[in-house]
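Good morning, and thank you for coming. Please look at the structure on the screen while I describe its parts in turn.

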Amino acid sequence: MKIALIDSGIGLLAAAAALRRLRPDADLILSSDPDGMPWGPRSPEDLRQRVLAAAHAATPHAPDALIIACNTATVHALPAVKAALQPAIPVIGTVPAVKTAVATGGPVAIWATPATTGSTYQTAMIRRHASAVQVTEIACPELADAVQHADASAIHEAVADASRRTPAGATDVVLGCTHYELVASQIRAALRRPSLITPVLRGSADAVAAQALRRLNGTLAAATPGDGRLTVLLNGIESPLPAAALAYSAGRQVSEPALA
């Protein structure tokens with residue numbers, strides 16, 4: 001089994017690590033666009049073309065499914081990628097776990113990039129799923145970039161800033177950028193406050209990985225021992241996994257079978 005994941009940078013590692021846990025035998029193809037990141041501020045058409053390029057770079061490796069492991073790319077490019085690849089290659093998008101978070105009754109906070117916060121897409125999602133729940137949108141300037149470069153100091157500052165702006169009574173925090181899931185432990189620690197319940201973090205990686213495996217004829221329960229191969233494509237060129245990826249447990253989980 002081969003599964004491709006695409007993103008502008010290393011945010012795809014969270015879903016890739018979830019796949020490693022569920023199917024350690026699966027071959028993973030990670031296709032990213034470091035020359036074009038971040039995708040968020042780009043025009044919809046420019047973003048679509050870059051997402052399609054990352055997808056087409058993966059197709060010569062014959063993936064059985066492809067995951068768009070980026071919320072913004074899913075919004076603007078999922079139909080185009082589906083039109084280009086399906087039905088031969090199932091395409092799975094990524095959306096923030098807003099619906100799951102608001103089911104608890106809230107209040108809920110959504111951490112997202114400045115480009116996503118307040119966007120038409122996020123506003124519509126809140127209106128559709130959370131009209132009866134108090135939702136606070138938290139823009140996180142520089143956090144995705146800090147995670148991409150494994151800049152520990154910048155990550156600490158960005159997380160601390162977003163934490164200070166998160167309402168103390170929030171029961172759930174939605175991680176609206178896949179990069180943020182790589183530093184979930186730091187975010188959880190920053191949100192821990194005396195005498196208050198620590199909010200539940202809601203990422204999308206586990207759900208997206210499970211959905212991809214379900215699309216592959218229910219092979220979720222068919223895991224076999226490891227040896228899954230890893231192929232890394234940076235702007236279409238086969239490359240080593242970026243050094244910054246190994247700063248995160250997800251990056252190490254993804255790379256270990258290949259290194260072994």
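In what order do the 6 strands of the open sheet stand? The order is 4-3-1-2-9-10, and the pairing is mixed. At the edges stand strand 4, residues 91-92, and strand 10, residues 237-238. Each of these has a single partner strand, so one side of each is left without a neighbour in the sheet. Please keep in mind that this is a predicted model.

Let us turn to one pair of strands. Helix 3, residues 71-85, lies across strand 3 and strand 4, and it runs at about 160 degrees to strand 3.

Ile29 belongs to strand 2, which covers residues 27-32. Is Ile29 buried or exposed? Its relative accessibility is 3%, and because buried means under 20%, Ile29 counts as buried. Leaving aside neighbours within four places in sequence, the residues in contact with Ile29 include Lys2, Ile3, Ala4 and Leu5. Ala58, His61, Pro63, Thr231 and Leu233 are also in contact with Ile29. By contrast, the C-alpha atoms of Ile29 and Arg202 are separated by 25 Å, and these two residues lie 173 apart along the chain.

One of those contacts, Thr231, deserves a description of its own. Thr231 is found in strand 9, residues 230-234. With a relative accessible area of 16%, Thr231 is buried. Beyond its neighbours within four places in sequence, Thr231 is in contact with Leu28, Ile29, Leu30, His61 and Glu238.

In soluble globular proteins, nonpolar side chains tend to be buried together. The largest nonpolar core here has 52 residues, of which Leu13, Leu30 and Trp111 touch the most other members. Helix 1, residues 13-22, gives the most to this core, with 7 residues. There is also a second, separate core of 22 residues, which includes Leu47, Ala58, Ile89 and Leu233.

What of the cysteines? The structure holds 0 disulfides.

Finally, let us consider the protein chain as a whole. Its secondary structure comes to 10 helices and 10 strands. The radius of gyration is 18 Å, close to the 18 Å that the globule rule gives for 260 residues, so the chain is as compact as a globular protein of that length. Along its principal axes, the C-alpha trace spans about 50 × 35 × 35 Å. Buried residues make up 50% of the 260 residues. Among contacts between residues at least 6 apart in sequence, 78% join residues at least 24 apart.

Thank you for your attention.

Definitions and conventions: Residues are numbered from 1 along each chain as its sequence is written. This is a predicted model: local features need pLDDT of at least 70, side-chain atom pairs count only at pLDDT 80 or more; totals for chains, interfaces and linings use all residues. Side-chain values use heavy atoms; hydrogens and water are left out. Helices (H or I, at least four residues) and strands (E, at least two) are DSSP runs, numbered from the N terminus. Buried means under 20% relative accessible area, exposed over 50%, partly exposed in between (1.4 Å probe, protein chains only). Contact means heavy atoms within 4.5 Å. A nonpolar core is a set of buried Ala, Val, Leu, Ile, Met, Phe, Trp, Tyr and Cys residues joined through side-chain atoms within 4.5 Å. A disulfide is a pair of cysteine sulfur atoms within 2.5 Å. Two strands pair if DSSP finds at least two bridges between them. Axes are lines fitted to C-alpha atoms, for helices over the stretch in contact, and angles run from 0 to 180 degrees between N-to-C directions. The radius of gyration is taken over C-alpha atoms; the globule rule is 2.2 Å times the number of residues to the power 0.38.
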